[in-house]
Amino acid sequence: MAAQRNPSDHITLALLSFFLWMPWESGARQIRYSVPEELEKGSFVGNISTDLGLEPRELAQRGVRIVSRGRTQLFSLNPRSGSLVTAGRVDREELCAQSPRCLVNFNILVEDRVKLFGIEVEVTDVNDNAPKFQAENLDVKINENVAPGMRFPLPEAIDPDVGVNSLQSYQLSPNKHFSLEVQTRANGVKYPELVLERALDREEEAIHHLVLTASDGGTPLRSGTALITVTVFDTNDNAPVFTLPEYRVNVPENLPVGTRLLTVTATDKDEGANGEVTYAFRKLPDTQLVKFQLNKNTGEIKISEHLDYEEVGFYELEIQAEDGGAYLATAKVLVTVEDVNDNSPEVTITSLFSPVAEDSPLGTVIALLNVHDLDSGQNGAVTCAISGHLPFKLEKSIDSYYRLVTHRALDREQVSSYNITVTATDGGNPPLSTEAHFTLQVADINDNPPTFSHISYFTYVPENNPRGASIFSVTALDPDSKENAQIIYSLAEDNIQGTPLSSYLSINSDTGILYALRSFDYEQFQQLQVQVIASDSGNPPLSSNVSLTVFVLDQNDNTPEILYPTLPMDGSTGVELAPRSAEPGYLVTKVVAIDRDSGQNAWLSYRLLKASEPGLFSIGLHTGEVRTARALLDRDVLKQSLVVAVQDHGQPPLSATVTLTVAVADSIPDVLADLVNLEPPQDSDTSGLTLYLVVAVAVVSCVFLAFVIMLLALKLRRWHKSHLTQAPGEGLAGLPASHFVGADGVRAFLQTYSHEVSLTADSRKSHVIFPQPNYADTLISQESCEKKDPLSLLDDSKFPIEDSPLVPQAPPNTDWRFSQAQRPGTSGSQNGDETGTWPNNQFDTEMLQAMILASASEAADGSSTLGGGAGTMGLSARYGPQFTLQHVPDYRQNVYIPGSNATLTNAAGKRDGKTPAGGNGNKKKSGKKEKK
């Protein structure tokens, strides 16, 4: 080791470090510096930030760092100054031993660019080591008969420094017998030889003490000394001689310990003790001394420790042979260690960029790898590969670095992570390989919109549902992750009959459950079309929508509405006439009712709850026609009161009642006459009752006439007002049902020649049809309805036409089943089936409803319920025999049947023997004809 340093040495080192560091760049990515050894920790080596073209503060931001393999880090980066500094004491002799140049190589990685720069630092020598002899005391034995000029090799001194700082000269202390000569070997090493100048005389001086000094050429000058003790022996004429001056041997590095390398042999011509030769290592470093074992008697050399080619590949051993007379001989043994493939490649993951976005472009760097094999030649040639069909590939970078880059597009929804195995294989025989495993996570981007499991949804909700009830649930799936897969549900903005959809329905934005915000009404609308939108929470968000149809199911929530008869506005009861000559089955009047519900909830049945004369009248179960059950007798009272109940077939059923008053007389004057002709009772009580009855009938007649006059006045006023205003949009839609029916039916009857009214379940919306004069049984087109007809009511009075959209009718409950024979005919065409049977399909149901509605129109027109002969539908008795059915158009013609392209049968045409112009062809004949 070096001698103790003084303060001037440190000053010199500092000056040298200041003047000797020199950065320069060789090639595109190689930067070189020079720095003297033995600098203090943190000493300046070079301005790395300037050489990299960066500011000092950018070193940390860009992830600039030193990467090196297997060696203690000698240098570090100063992030404040941006310079390369020493990380500790740098000893050139420890790093490079006797090499003329000492170069330290490492790499600097700029991580954000994934770029490597090679750094080469040359460590220059300073004179920090003095020459040193392996032994401070040297013993030299010389026979006294040795002639002058004899040379005795001395061990050379060792100076780890190089160049001028290495060993330069030897000096011998002054004496009269010996001198010193310096010899140089082929490798340039200088060694001293002791030369005998004068003959020795053991008796004069048996021991000589000399001082050998070795000096280097550095500044300051350093030297080392050894004490030589020369012992003069008696005569030994011959020195040992080796068989070879130099021995060479090549051995593989994997030889086991104890293997013999070779045996050196030296011979001495002397005899006895002077001819006995012993062997020993000479000038062997301690690191090599432990590797080999020498038998001092036989000269056999064995391996005492494992050899490692990667550590030391060549050994130079010097063997000394000495006889008993102190004669020496030396020989060299050169041991060359051969490399074997005993080291697997090393794989180091320098940088790993995980996770990587799934939309990363091709060629994106995933990882930076360093591979190295300590073996040499073909054994150290390493190839890298990745296993499996992965969307990555390896690209060679500088030195022994590889880049792992994307080779195909990534999709996190298919593969969210990759287990990557990098295999490094050398070229030895057999080859050795090493695997490096790491996991790469794929980061999600919002590239998938939510998807619904169905292209559309539908659900059924009964009407009158409770508010806030959940009615349906939709679910969408998003294959993305985290917030990109967080779905928010919403409803598209829409209006339902002018009202925002948001007032009807709402949806839970998290679960997709739909709630009804109000109670639905089937009579208002039968279905809702909703667009459900599913949006994720990505940036930008993606969405999809699906159609949801909500069908409203009808419930029996509407009581039957009786259209005829209606209570007069003055509070009196309408009177129906039944002639005394009426035969059994005579049609007295007809109760017309509708139900706003649909299906079986709208199927109506009629029955008599109460009658003044039980058995005198009967009512059709399905038609509502009130007929005489037997012939009228003289004993039958003049005034008959009937209570009729109309009931639907819903669950539970709803019903309404109406009271009918039937007067048994041919006309109103006859009623009065019958009242006058009644004989007064014998007692005063009977006479008083008769007087009251006459007065009551007179009052009722006066009220009736006043009511008729008032109705005519109101009608004339409305007709006059309609001619003045000509306002579109007014019409039958705004008129209540009571405006169509008068107490005596005169006005409605007169209008039957001009128009017919088709009433639907929503009686406030009416469709007015203007028939052609021939009264064909075909449906009149919408265009013809919009034309002005010369047969318009009240001299071209105009009715605005309102096109009400047809609402699809839900099918009736299949529990109601009827045979073909059980289907009732149209109103008035037959006596009717009183067994309580009903239609068994939707078409017949709708036809029956249309017939009931047509009956309502007939009642509104006053054409069949006012009493009369059997052939006049009850009209001739009140208005005269000239009004027969041939003057009245059939109420069933031109009746619009929802969901069908057919019309009802023209009964009049059948009476005349004519075939109807339209229809389905399967018509039932009318029942028993009414006689006049």
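Analyst: What follows starts with the salt bridges and then turns to the strands and loops.

This is a predicted model, in which local features need pLDDT of at least 70 and side-chain atom pairs count only at pLDDT 80 or more, while totals for chains, interfaces and linings use all residues. Numbering starts from 1 along each chain as its sequence is written, and side-chain values use heavy atoms, with hydrogens and water left out.

Side chains of opposite charge can pair when their charged atoms come close. How many salt bridges does a search of the whole structure find? The count is 27. Each is a side-chain nitrogen of Lys or Arg within 4 Å of a carboxyl oxygen of Asp or Glu. Three of these pairs are described here, one after another.

Start with Glu120 and Arg32. Their closest N and O atoms are 2.8 Å apart in a salt bridge. Glu120 sits in strand 8 (residues 115-124) and Arg32 in strand 2 (residues 30-36). Strands here are DSSP runs of E with at least two residues; helices are runs of H or I with at least four, and both are numbered from the N terminus. Is Glu120 buried or exposed? Glu120 counts as buried, at 12% relative accessibility. Buried means under 20% relative accessible area, exposed means over 50%, and partly exposed lies in between, using a 1.4 Å probe and protein chains only.

Next come Arg185 and Glu156. Their side chains form a salt bridge at 3.2 Å, N to O. Again distant parts of the chain are linked, with the two residues 29 apart. Arg185 is in the loop between strand 12 (178-184) and strand 13 (190-196). Glu156 is in the loop between strand 10 (151-153) and strand 11 (167-172). Arg185 is buried, with a relative accessible area of 18%. Glu156 is buried too, with a value of 5%.

Asp444 is in the loop between strand 32 (433-443) and strand 33 (451-452), and Arg412 is in the loop between strand 30 (401-406) and strand 31 (417-426). The pair therefore ties together parts that are 32 residues apart in sequence. Asp444 has a relative accessible area of 18% and is buried. Arg412 counts as buried at 13%.

Strand 12 and strand 13 pair in the antiparallel sense over 7 bridges. Two strands count as paired if DSSP finds at least two bridges between them. Which residue of strand 13 is the bridge partner of Val182? That partner is Pro192. The hairpin of strand 12 and strand 13 has 5 residues between the strands, and Gly188 takes a positive phi near 90° there.

Strand 49 is joined to strand 50 (residues 625-628) by 3 bridges, and the two run antiparallel. Within that pairing, Ser618 stands opposite Arg627 in strand 50.

The loops hold some backbone details as well. Thr219 and Pro220 are joined by a cis peptide bond, with omega about 0°. Pro220 belongs to the loop between strand 14 (207-216) and strand 15 (223-233). Ser354 and Pro355 are also joined by a cis peptide bond, here with omega about 5°. Pro355 lies in the loop between strand 25 (346-352) and strand 26 (356-357).

Asn464 has phi near 65°, and its place is the loop between strand 34 (456-462) and strand 35 (470-473). Asn464 is partly exposed, with a relative accessible area of 40%. Gln497 has a positive phi near 55°. Gln497 falls in the loop between strand 38 (495-496) and strand 39 (499-500), and is exposed at 52%.
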